[in-house]
Amino acid sequence: MASMVKLAVTSQPPGGLKAPIIVVAADADVDTLNLHLLLGGELVEEKRLATSEKAQIDQSVCERCGKCYESCAFNSIRKIDGGYVVAPAYCEGCSVYEAICPAGAIEVKSIENGKIRVFRSRFGFPLIVGQLDVGSSGSGEVISEVKEEARRFAGRVRASLLLVDGPPGAGCSAISAISRSSHVLLVAEPTKAARHDLERVLGIVDHFGATFGVVTNRFNANPEMSPEISRLVEGRGGEVLSLIPSDEEVVHAIVNGQPVVERSPEPSFKSHNGGV
Ligand code: SF4
């Protein structure tokens with residue numbers, strides 16, 4: 001499903017913003033990262049991450065008894081040519097095999113499942129990007145690592161604003177992105193599904209005690225649902241900061257790989273409270 005509720009979260013130092021604003025940005029949407037495509041820049045650092053665990057069978061020790069094959073709740077053991085192997089994509093690294101295997105042939109080991117890259121964006125600020133390997137699990141842990149790396153950079157450059165682009169939805173990736181944030185900006189579309197997701201994400205925001213604001217994107221695509229989004233937000237003590245209409249300029253910006261505010265510095269819409 002397309003992204004319907006998107007979040008961006010910020011962490012500010014005590015005392016709020018001080019001029020000049022020094023920004024560090026992080027892309028914590030580790031399953032579908034794209035911020036570096038829009039902000040561009042030079043790759044200055046890259047490192048692999050290991051935040052997931054998988055079982056491995058030592059074939060020289062395995063006695064071919066099949067107990068692991070019969071016991072795995074995730075169907076991660078495959079029988080091949082009379083022997084047994086782990087299908088990593090199915091393994092949850094739960095360690096149950098280590099207790100079951102009579103031969104001690106199974107060990108649960110850390111495996112590399114993603115990477116962190118640091119860019120110097122073409123606007124000059126550092127951009128920390130996390131990427132989960134295709135088919136890998138553990139996105140929440142990778143997001144935590146990305147945010148830790150971004151905090152280290154923020155400390156190094158004495159940043160006044162750490163801006164995190166989070167994932168859509170209300171799953172563990174969203175929880176990881178919101179944790180320890182001071183303010184959350186949520187982007188919702190006026191659909192029933194997005195309203196449902198928004199309600200769940202607001203529960204996460206409440207849990208972490210962050211303040212929040214909401215932007216309704218493509219509000220004119222469903223004029224009946226947009227007021228319902230506003231009522232939900234206001235009922236939770238928040239504010240709809242802006243109603244963004246469907247706009248061809250956004251499509252052109254995406255097609256050309258540009259931030260929309262770079263392509264069209266003059267906005268074609270006003271915020272909910274009259275400002276830009
Ligand atoms: S439980 Fe251990 S010994 Fe038995 S098949 Fe699995 S890995 Fe081999």
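## Strands, cores and ligand shell of a predicted model

Strand β11, helix α6 (residues 192–208) and strand β12 form a right-handed β-α-β unit; a crossover is right-handed if, with the strands pointing away from the viewer, the path from the first strand over the helix to the second runs clockwise. Helices (H or I, at least four residues) and strands (E, at least two) are DSSP runs, numbered from the N terminus. This is a predicted model, in which local features need pLDDT of at least 70, side-chain atom pairs count only at pLDDT 80 or more, and totals for chains, interfaces and linings use all residues. Residues are numbered from 1 along each chain as its sequence is written.

The protein has nine helices and 13 strands. Buried residues make up 34% of its 276 residues. A residue is buried if 20 or more other C-beta atoms lie within 10 Å of its own, exposed if 12 or fewer, and partly exposed in between, with C-beta atoms placed from the backbone. Of the contacts between residues at least 6 apart in sequence, 76% join residues at least 24 apart; two residues are in contact if their C-beta atoms, placed from the backbone, lie within 7 Å.

|---|---|---|---|
| β11 and β12 (residues 211–217) | parallel | six | His-183 and Thr-211 |
| β12 and β13 | parallel | four | Val-215 and Ser-242 |

Val-240 lies in strand β13 (residues 240–244) and is buried, because 23 other C-beta atoms lie within 10 Å. The C-alpha atoms of Val-240 and Val-187 are separated by 9.7 Å, although the two are 53 residues apart along the chain.

**Nonpolar cores.** A nonpolar core is a set of buried Ala, Val, Leu, Ile, Met, Phe, Trp, Tyr and Cys residues joined through C-beta atoms within 7 Å. The largest has 42 residues, and those with the most contacts inside it are Val-24, Leu-127, Ile-128, Val-146 and Ala-150. Helix α4 (residues 139–156) gives the most to this core, with six residues. A second, separate core of 10 residues includes Cys-68, Cys-72, Ile-77 and Tyr-97.

**Ligand shell.** The ligand is surrounded by 14 residues, of which the closest are Cys-62, Cys-65, Cys-68, Cys-101 and Ala-103; a residue is near a molecule if its C-beta atom, placed from the backbone, lies within 6 Å of it. This shell divides into 10 nonpolar residues, one polar and three charged. Ala, Val, Leu, Ile, Met, Phe, Trp, Tyr, Cys and Pro count as nonpolar, Asp, Glu, Lys and Arg as charged, and the others, Gly among them, as polar.

**Positive phi values.** Asp-81, in the loop between β5 (77–80) and β6 (83–86), has a positive phi near 50° although it is not a glycine. Asp-81 is exposed, because 6 other C-beta atoms lie within 10 Å. Arg-158, in the loop between α4 and β10 (161–165), is likewise not a glycine and has a positive phi of about 55°. Arg-158 counts as exposed, with 9 C-beta neighbours inside 10 Å.

How values were computed
Pairing = 2+ DSSP bridges.
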